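Please have a look at the model, and then let us walk through it together.

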Amino acid sequence: MALRPIITIENPILRQKAHKVQRFGPELGRLIDDMIETMRAAPGVGLAAPQVAVLQRVIVVEVPKDEENPEAGTLLYEMVNPEIVKASQELIEGEEGCLSIPGYVGEVPRHSMIVVRGQDRFGRPVRVRAHGFLARVFQHEIDHLDGILFIDRVTGPDKIRKVEPAAKPEGEAIETTVPPQATVAMPA
Ligand code: ZN
């Protein structure tokens, strides 16, 4: 595994649409392992392949099992060709940051519940039903695959604010104790 550099907003790759993954082989496995390591080192709660300059539809997400109790560990998801197949009418505003836009956070409306379908690194179908913060992270990462950034989703310029470069948006600094094998995506 290796850390890959995370590209930032001035890089036009972030604005391109990523390609559907067709080949499920060792190269894809290496990309996913590197993305997990890079996300954890950042630290972040999600990463999309375009953020490491790879225009493939691949995301990784890792959130705490229990926000109140960091000891409970994390849930790790890796998803290839993810698609939102169901979304709640209800939108909830919440604070987001992005590893590709350091120093800024914004209030972004997101569906409170979504169902995501995709594949694992072996091409097997997976399906995840996500609520709240997990649903938010999935929507943020899937947006990256279409060249969309959270700053495009805020409802006004007053919804974006600068933060100290050292300060991470809430929920970003997360203890990661679960090994990559602990993927909990359910078979579709
Ligand atoms: Zn992002």
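Glu 62 has Leu 76 of β3 as its bridge partner. Helices (H or I, at least four residues) and strands (E, at least two) are DSSP runs, numbered from the N terminus, and two strands pair if DSSP finds at least two bridges between them.

| Strands | Bridges |
|---|---|
| β2 (residues 58-64) and β3 (residues 74-87) | seven bridges |
| β3 and β6 (residues 113-119) | five bridges |

This is a predicted model: local features need pLDDT of at least 70, side-chain atom pairs count only at pLDDT 80 or more, and totals for chains, interfaces and linings use all residues. Residues are numbered from 1 along each chain as its sequence is written, and side-chain values use heavy atoms, without hydrogens and water.

Cys 98 is buried at 6% relative accessibility, and His 144 is buried at 1%; buried means under 20% relative accessible area, exposed over 50%, partly exposed in between (1.4 Å probe, protein chains only).

The whole structure holds one aromatic pair. The ring centres of Tyr 77 and Phe 138 are 5.5 Å apart with planes at 70°, so the pair is edge-to-face. Rings of Phe, Tyr and Trp (its six-membered ring) pair if their centres lie within 6.5 Å; planes under 30 degrees apart count as stacked, over 60 as edge-to-face and the rest as tilted. Both Tyr 77 and Phe 138 are buried.
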